[in-house]
Amino acid sequence: MITTVTLNAAVDKIYTVPGFQVNEVHRITDSLTLPGGKGVNAARVLHQLGTEVIASGFIAGYTGEHLLAGLAEEGVDADFVKVSKGETRLALTVLDSASATQTELIESGPVITGEDLSALRSRLEKLARRSRWVLLSGSLPPGCPPWLYAELADIAHHGGAKVMLDASGEALRLGLQGRPELVKPNEHEAAELAGLADTGSEDTARQALEALLELGARDAVVTLGSRGAVAAADGQRYRVTLPQITAVSPLGSGDATAAGLLASAVAGGDWPARLTLGAACGTAAAMQRAAGFVNPGDVAAIAAGVTVSVLPRG
């Protein structure tokens, strides 16, 4: 089983508004509301892939209950800690197909107390004993210490689970002290962590990849959007290239990539197989307008066009 932990879960509301303009009134004719947050999105994809998964983290208030109801309707198992005060955040996204833009308005989420953190630690201790992997992903809500991911990684390891970390900024830097088996930032997050100028070049991504290993990651994947990914795993360096697709929205593509990597790992796939499924899931997710959804037929077709090459060291 895989456990996903989303500390700052959300209810996503996605509006499609052709010709969206600020300071204008728009009548919404096409909208979608669903559970969200990075780990929740990954759990949904894992469920669609047929991998046993349970989603955990924090929820609060009416919005949190709405999130739980949505997961139950989708058939995704959940075991969240209910925070006593506040509301799970709303994340609003406006997609403008006419200009190919994406505008996001994201609330900060509830304030987490020491009691809430103690409850999460206890919950994760139990879940880790049942899990082969624990995925820690997303931002930290108010009240969480910046080193929390390192602490949660230690708890997961003590329970016998491996850890994947998908975070950014200080949460990623300090989370690496928990020695996760796998980290998966995008190229901009990795460059920031490594203190490199974010040029968007593959050379920068490969330098950032090496920095992740030096900072504590055992293996690392740095995603490059439509350009694929670079990875370091079991002493090898890999370059992943993708087939061309017609993308609808990049929402949740990184979360789907994480899901594919872990689904292949629990199925016994070697690293080229893991990278192939991760890339195929992330690419298939970009063909959907909502985060956390893939069409298994798209995943299979895309996987056939993914190339994983071994890179020379140095």
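The model is predicted, so local features are reported only where pLDDT is at least 70 and side-chain atom pairs only at pLDDT 80 or more, while totals for chains, interfaces and linings use all residues. Residues are numbered from 1 along each chain as its sequence is written, and side-chain values rest on heavy atoms, with hydrogens and water left out.

Along the principal axes, the C-alpha atoms fill a box of roughly 55 × 45 × 40 Å. The radius of gyration is 18 Å, which agrees with the value near 20 Å that a compact globule of 314 residues would have; this radius is taken over C-alpha atoms, and the globule rule is 2.2 Å times the number of residues to the power 0.38. Of the 314 residues, 52% count as buried, where buried means under 20% relative accessible area, exposed over 50%, and partly exposed in between (1.4 Å probe, protein chains only). Among contacts with a separation of 6 or more, 67% link residues 24 or more positions apart; a contact means heavy atoms within 4.5 Å.

Four strands form an open, mixed sheet in the order 3-2-6-7, and two strands are said to pair if DSSP finds at least two bridges between them. Strand 3 (31-36) and strand 7 (101-106) are the edge strands, each pairing on one side only. On average, neighbouring strands here are turned by 20 degrees against each other, direction ignored; axes are lines fitted to C-alpha atoms, for helices over the stretch in contact, and angles run from 0 to 180 degrees between N-to-C directions. Strand 6 (residues 89-96) and strand 7 run antiparallel and are joined by six bridges. Within this pair, T93 stands opposite E104, and D96 has T101 as its bridge partner. The hairpin of these two strands has four residues between them, and A100 takes a positive phi near 55 degrees there.

In the loop between helix 1 and strand 4 (53-60) sits T51, which is buried because its relative accessible area is 13%. Not counting residues up to four places away in sequence, T51 touches I2, L46, A263 and V266.

The interior can be read through its nonpolar cores, each a set of buried Ala, Val, Leu, Ile, Met, Phe, Trp, Tyr and Cys residues joined through side-chain atoms within 4.5 Å. The largest core has 45 residues, of which F80, W133, M164, V221, W271 and L275 touch the most other members. Helix 8 (residues 253-266) gives the most to this core, with eight residues. Leaving aside neighbours within four places in sequence, L275 is in contact with V221, A231, Y238, V240, L261 and V308. Apart from this core lies another, of 40 residues, including I112, Y149, L152 and A161.
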